[in-house]
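Here are my notes on this model, point by point. Please read them with the structure open.

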Amino acid sequence: MAFELPALRYSFDALEPIIDAATVEIHYTKHHATYLKNLNTALEKYPEFFEWSLEKILCNLDQIPEDIRTAVRNNGGGVLNHNIYWASMAPGQSGKPVGKLAEKIEDTFGNFMNFRTEFEKAGLGRFGSGYAWLSTNHEKQLIVHSTANQDTPLQEHLIPLLVVDVWEHAYYLKYQNRRAEYLSNWWTLVNWEESEKRYLAAK
Ligand code: MN3
């Protein structure tokens, strides 16, 4: 069974005015969909990997045949990262973390604003294309970091909880070169219930 594109949980215009409808539509139906198509095309040569989860594939890239490994790393990462990015956002959010994750953020960073500053710094500091993440390790410690291109936290043995896409295609139509403005506006879209679920499920 080929991998599939998860349905977007909201309409293209639901993240307005922070992220415009055209950006969401192009990002989901063109960028994300193309990573998916290219991943499936690469794996057609070795269909046994369709039995694996995408997470398992990305955690075990050394077991992927060398001739498709780079394609699987880039396109599989592109699929997973976007799956998490879309789920990290929702319309009508409170802007504040919830539950156990909220407590852990306070414990780790002192307060939410310190965490937010560190996360934005990770996004701004990522040269070129990539992502800023809140991830957890196997001891359930929180880590703010960034990844390049379509690499994922899984390759660093981390479990992703929250992500923002800082590729220019994620914000260029509305913000052009103003990545900092995109990042500071983005917080009102964060779906903290989703991150809390990921944190509780992390092992
Ligand atoms: Mn993207």
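1. I start with a pair in one helix. E120 and R116 are 4 residues apart in helix α5, so about one helical turn separates them. Their side chains meet in a salt bridge, with N to O at 3.1 Å. The structure holds 6 salt bridges. Keep in mind throughout that this is a predicted model.

2. Both residues return in a helix pairing. Helix α5 covers residues 112–125 and helix α7 covers residues 179–186; their axes come within 10 Å and cross at roughly 145°. The crossing is right-handed. On the α5 side, R116 and E120 take part in the contact, along with F119, G123 and L124. On the α7 side, the contact is made by R179, A180, L183, S184 and W186. By class, this contact of α5 with α7 has 5 nonpolar, 2 polar and 3 charged residues.

3. Compare the pairing of α1 and α3. Helix α1 (residues 21–43) and helix α3 (residues 66–87) have axes that come within 8 Å and cross at roughly 145°. Here α1 passes α3 in a left-handed crossing. From α1, the contact takes V24, H27, Y28, H32, Y35, L36, N38, L39, A42 and L43. From α3, the contact residues include I68, A71, V72, V79, H82, Y85 and W86. Also among them are N74, N75, G76, G78 and N83. What classes do the residues of the contact of α1 with α3 divide into? There are 13 nonpolar, 9 polar and no charged residues.

4. Now the domains. The assignment for the protein chain gives domain 1 as 21–87 and domain 2 as 99–201. Their C-alpha centres lie 20 Å apart. The contact draws 20 residues from domain 1 and 21 residues from domain 2.

5. How much area is buried between domain 1 and domain 2? The figure is about 1700 Å², and carbon and sulfur atoms give 60% of this area. In domain 1, the residues that lose the most area to domain 2 are N81, I84 and Y85. Together these three account for 35% of what the domain 1 side buries. Y85 also belongs to the contact of α3 with α1.

6. The peptide bond joining E16 and P17 is cis, with omega about 0°. P17 lies in the segment before α1. Which residue other than glycine has a positive phi near 55°? That residue is N149. N149 sits in the loop between β2 (142–148) and β3 (159–165).

Terms used: Residues are numbered from 1 along each chain as its sequence is written. This is a predicted model: local features need pLDDT of at least 70, side-chain atom pairs count only at pLDDT 80 or more; totals for chains, interfaces and linings use all residues. Side-chain values use heavy atoms; hydrogens and water are left out. Axes are lines fitted to C-alpha atoms, for helices over the stretch in contact, and angles run from 0 to 180 degrees between N-to-C directions. Helices (H or I, at least four residues) and strands (E, at least two) are DSSP runs, numbered from the N terminus. A crossing is left-handed if the near helix is turned anticlockwise from the far one by less than a right angle, and right-handed if clockwise. Contact means heavy atoms within 4.5 Å. Ala, Val, Leu, Ile, Met, Phe, Trp, Tyr, Cys and Pro count as nonpolar, Asp, Glu, Lys and Arg as charged, and the others, Gly among them, as polar. Domain bounds come from an automatic or database domain assignment. Buried area is the accessible area (1.4 Å probe) that two parts lose on being put together, summed over both. A salt bridge is a side-chain nitrogen of Lys or Arg within 4 Å of a carboxyl oxygen of Asp or Glu.
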